[in-house]
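Student: I'd like to learn how to read a model like this one, feature by feature. Could we go through it together?

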Amino acid sequence: MIVGLGNPGLQYAETRHNAGFMAVDRILENGNAKLDKHKFEAEYGEVTVAGARALVVKPQTYMNNSGRAVTAIASFYKIPTENIIILFDDISLPVGGLRVRRKGSAGGHNGMKDIIQLLGTEELTRVKIGVGQKPHPDYNLADWVLGKFPKEERPALEEALKKAAKAVEEIVRNGVDSAMNKYSH
């Protein structure tokens with residue numbers, strides 16, 4: 001199960017917090033697939049990644065409640081947590097940066113916090129997509145992550161989204177360690 005985190009609605013479409021949704025869109029494009037199911041508070045569909053069938057999921061609960069959709073789908077389809085890959089934005093990485101991890105804390109990310117709490121484990125494979133740090137410490141975090149990428153950052157973002165899709169393929173094909181070595185920087 002490949003989960004991209006974000007917020008539903010056009011007003012959030014190109015925001016930093018929706019980097020996970022954007023990465024899932026690249027995976028769907030690569031697999032010539034689409035999200036054609038609307039259940040479990042999510043949009044999801046099937047795609048072939050590195051020769052394996054996978055569900056691609058965009059929770060529609062808003063970020064802070066992402067775990068509801070993830071746990072419902074994982075439970076219904078009997079997907080073990082070791083077969084779940086989460087893609088999401090990370091403000092500690094520069095725009096264009098990527099980090100693949102096998103496990104870890106939520107790191108202040110509310111979507112991950114909810115998923116970890118509801119699944120009861122931090123042992124979740126994740127692909128973090130760099131969206132850059134706030135311009136200064138006093139800048140409101142919500143305003144920053146709900147802001148859109150400026151034009152000059154779009155090429156680096158697009159490159160990171162392509163790499164995120166390739167990292168997911170690598171995870172499926174050769175495992176998390178291989179993807180960490182090839183795509184984390």
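**Loops, core and pockets**

Tutor: Let's start with N32, which sits in the loop between α1 and β2 (37–39). Helices (H or I, at least four residues) and strands (E, at least two) are DSSP runs, numbered from the N terminus. Keep in mind that this is a predicted model, where local features need pLDDT of at least 70, side-chain atom pairs count only at pLDDT 80 or more, and totals for chains, interfaces and linings use all residues. Residues are numbered from 1 along each chain as its sequence is written, and side-chain values use heavy atoms, with hydrogens and water left out.

Student: What is the phi of N32 near?

Tutor: Most residues other than glycine have a negative phi. Phi of N32 is near 50 degrees, a positive value in a residue other than glycine. A50, in the loop between β3 and β4, also has a phi near 50 degrees.

Student: Is N32 buried or exposed?

Tutor: Buried means under 20% relative accessible area, exposed over 50%, and partly exposed in between (1.4 Å probe, protein chains only). N32 has a relative accessible area of 74%, so it is exposed. A50 counts as partly exposed because its relative accessibility is 29%.

Student: And how does K128 count, buried or exposed?

Tutor: K128 belongs to strand β7 and counts as buried, because its relative accessibility is 18%. Contact means heavy atoms within 4.5 Å. Leaving aside neighbours within four places in sequence, K128 is in contact with F88, D90, L93, G97, L98 and R99.

Student: Which residues touch the most other members of the largest nonpolar core?

Tutor: A nonpolar core is a set of buried Ala, Val, Leu, Ile, Met, Phe, Trp, Tyr and Cys residues joined through side-chain atoms within 4.5 Å. The largest one here has 32 residues, and I27, L87, V127 and I129 touch the most other members. Elements supplying at least two residues each include α1 (19–30), β5 (85–90), β7 (125–130) and α5 (154–174). The largest share, 8 residues, comes from α5. Another core lies apart from it, with 21 residues, among them V57, I73, A106 and I115.

Student: What volume does the largest pocket have?

Tutor: Work on a 1 Å grid over the protein atoms alone: a pocket is an open set of points where a 1.4 Å probe fits, with protein on both sides within 12 Å along at least five of seven lines, and lining residues have an atom within 4 Å of a point. Grid points are joined across faces, edges and corners, and a volume is the space filled by probe spheres set on the points. The largest pocket comes to about 410 Å³. It is lined by 24 residues, of which H17, D89, G108, H109 and N110 lie nearest its centre.

Student: What about the second largest pocket, and how many residues line it?

Tutor: The second largest pocket has a volume of about 330 Å³. It is lined by 17 residues, and M1, R53, A54, L55 and N83 are the closest to its centre. β4 gives the most to that lining, with 4 residues.

Student: Finally, how many helices and strands are there in the protein?

Tutor: There are 6 helices and 7 strands, running β-α-β-β-β-α-β-β-α-β-α-α-α from the N terminus on. Of the 185 residues, 49% count as buried.
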